[in-house]
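Okay, thanks for coming, everyone.

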Amino acid sequence: MLFKVSTAPFIHQGNSIAKIMRQVIYALLPGIALYMYFFGFGVIITITLACVTALICEAIILWIRNRPILPSLTDYSSLVTAFLLAIALPPFLPWWMTVVGTAFGIIFAKHLYGGLGYNPFNPAVVGYIVLLISFPVEMTQWPALSTLGHSYTGILDSLSIIFYGHPTGGLTLDSFTGATVLDTMKTELGQFHTVYEIKAKPMFGFLGAKGWEWINMVFLLGGCWLIYKRVISWHIPIAVLTGLFVISIIFFLIDPDLYPSPLFHIFTGATIVGAFFIATDPVTAATSNQGRLVFGVGIGLLIYITRTWGGYPDGMAFAILLMNMAVPVIDYYTQPQVFGH
């Protein structure tokens, strides 16, 4: 009797790149909806600009490389890059900056290295860092919450700000935008104010930035759903939050007037989105479970170091990029043992 023998694996779990990428987008949608509730329609316009740019750049590069276009466009990987970059950008960022950041991430950070599966750095992180270094003023101007007495920014005002640089009705952009909570905390701590005094400002909430703490909680639920669906493993997000929590609580216990609490660091800025949606990128992260723990803890420590002593208020993007560089070394020293040895 003859048996047909093939190599493992023998059972297909029904997953595909397109399905996984769609689930990531689904997990982001509730947080984006709350984001729009607090900050207006700018986030939707920015996401749309990033998605259109990503698809066009992907198609052009695939055509230049003489590769099939439709399969790559329908795997949703470029859309995930666009979504992650767009929600990290200020919602009223000029349209051409969004286009430049997205194009750079897709062309240089993804396809320059061979496309999906070959890029050593996360394209969304690379696009964000390029914009942050090139346009630091624009990248740190965020709108005030509508719940703080500012009028809600409708779609017409949002379009006018993004494409023309000013809202309708004669208002100036400076009238309802300002520095982020992390930037305010970092700047005013250097002016001999205590954490308690700074957090008395209306832009601060119970845990972190007012409004953002709720947005981050919803993103946290979306990340937990991805873990439940086994789209991502728990190792990297838990390691990121643990590393950030441990180092921040040490300094908080030493001097709470000078160092914010661990919960402030976790629920402010890009911590939750970075830990669950960006650092878990299977292409650019460590591969073994032990390596993922090392990778995540390194990101958490670098976030705190950058926020506390670095030149930028939020260190998530730099932390992920630096740990992406360290992945080959982490994988080399955390290889799992071969079965039977």
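**A walk through the model**

So, of the 341 residues in this chain, 49% count as buried. Keep in mind that this is a predicted model. In terms of secondary structure, we've got 15 helices and two strands. The chain exposes about 17100 Å², and carbon and sulfur atoms supply 69% of that. As for contacts, take those in the chain with a separation of 6 or more: 75% of them are between residues 24 or more positions apart.

Let's start inside. Which residues touch the most other members of the largest nonpolar core? That core has 85 residues, and the answer is Leu28, Phe219, Phe277, Phe295 and Ile299. Apart from it there's another core, of five residues, including Ile45, Leu49, Phe92 and Ile162. Back to Phe219: if you skip anything up to four places away in sequence, Phe219 touches Leu28, Gly31, Ile32, Ile87, Ile272, Val273 and Phe277.

Next, helix 6, residues 123–134. Nine of its twelve residues are buried, so helix 6 is largely enclosed by the rest of the structure. Those buried ones are Pro123, Ala124, Val125, Val126, Gly127, Tyr128, Ile129, Leu131 and Leu132. What do they pack against? Helix 4 (77–88), helix 5, helix 13 (271–278) and helix 15 (316–333). The length checks out too: at 1.5 Å a residue, the twelve residues should span 16 Å, and the end C-alpha atoms of helix 6 are 17 Å apart, which agrees.

Now to helix 5, where Thr102 sits. Thr102 has 1% relative accessibility, so it counts as buried, the cut-off being under 20%. Leaving out residues up to four places away in sequence, Thr102 touches Ala50, Thr53, Ala54 and Leu85. From Thr102 to Pro123 is 21 residues along the chain, with 8.3 Å between their C-alpha atoms.

On to charges. How many salt bridges does a search of the whole structure find? Three. One is Lys110 with Glu58, where the closest N and O atoms are 3.1 Å apart. This pair links distant parts of the chain, with Lys110 in helix 5 and Glu58 in helix 2 (residues 42–64), 52 residues apart. Lys110 counts as buried at 2% relative accessibility, and Glu58 also counts as buried at 2%. Glu58 is also in contact with Ser72, a residue of helix 3 (residues 69–73).

Then there's Glu188 with Lys201, at 3.5 Å between the closest N and O atoms. Glu188 is in helix 8 (residues 181–189), while Lys201 is in the loop between helix 9 (195–198) and helix 10 (212–228). Buried or partly exposed? Glu188 is buried, with a relative accessible area of 17%, but Lys201 is partly exposed at 32%. And Arg307 meets Asp314 in a salt bridge, 3.1 Å from N to O, with both Arg307 and Asp314 buried.

Trp95, Trp96, Val100, Ile155, Leu156, Leu159, Phe163 and Tyr164 make a nonpolar surface patch of about 810 Å². Helix 5 (95–110) and helix 7 (155–164) each supply at least two of the patch residues, and helix 7 gives the most, with five. Val100, in helix 5, is partly exposed, with a relative accessible area of 37%. In soluble globular proteins, nonpolar side chains tend to be buried together.

That's the tour, thanks.

Terms used. Residues are numbered from 1 along each chain as its sequence is written. This is a predicted model: local features need pLDDT of at least 70, side-chain atom pairs count only at pLDDT 80 or more; totals for chains, interfaces and linings use all residues. Side-chain values use heavy atoms; hydrogens and water are left out. Patches are made of residues with over 30% relative accessible area and no salt bridge: like charges are joined within 9 Å, nonpolar side chains (Val, Leu, Ile, Met, Phe, Trp, Tyr) within 5 Å. Accessible areas come from the Shrake-Rupley method with a 1.4 Å probe; for residues, only the protein chains shown count as cover. A salt bridge is a side-chain nitrogen of Lys or Arg within 4 Å of a carboxyl oxygen of Asp or Glu. Helices (H or I, at least four residues) and strands (E, at least two) are DSSP runs, numbered from the N terminus. Buried means under 20% relative accessible area, exposed over 50%, partly exposed in between (1.4 Å probe, protein chains only). A nonpolar core is a set of buried Ala, Val, Leu, Ile, Met, Phe, Trp, Tyr and Cys residues joined through side-chain atoms within 4.5 Å. Contact means heavy atoms within 4.5 Å. The expected span of a helix is 1.5 Å times one less than its number of residues.
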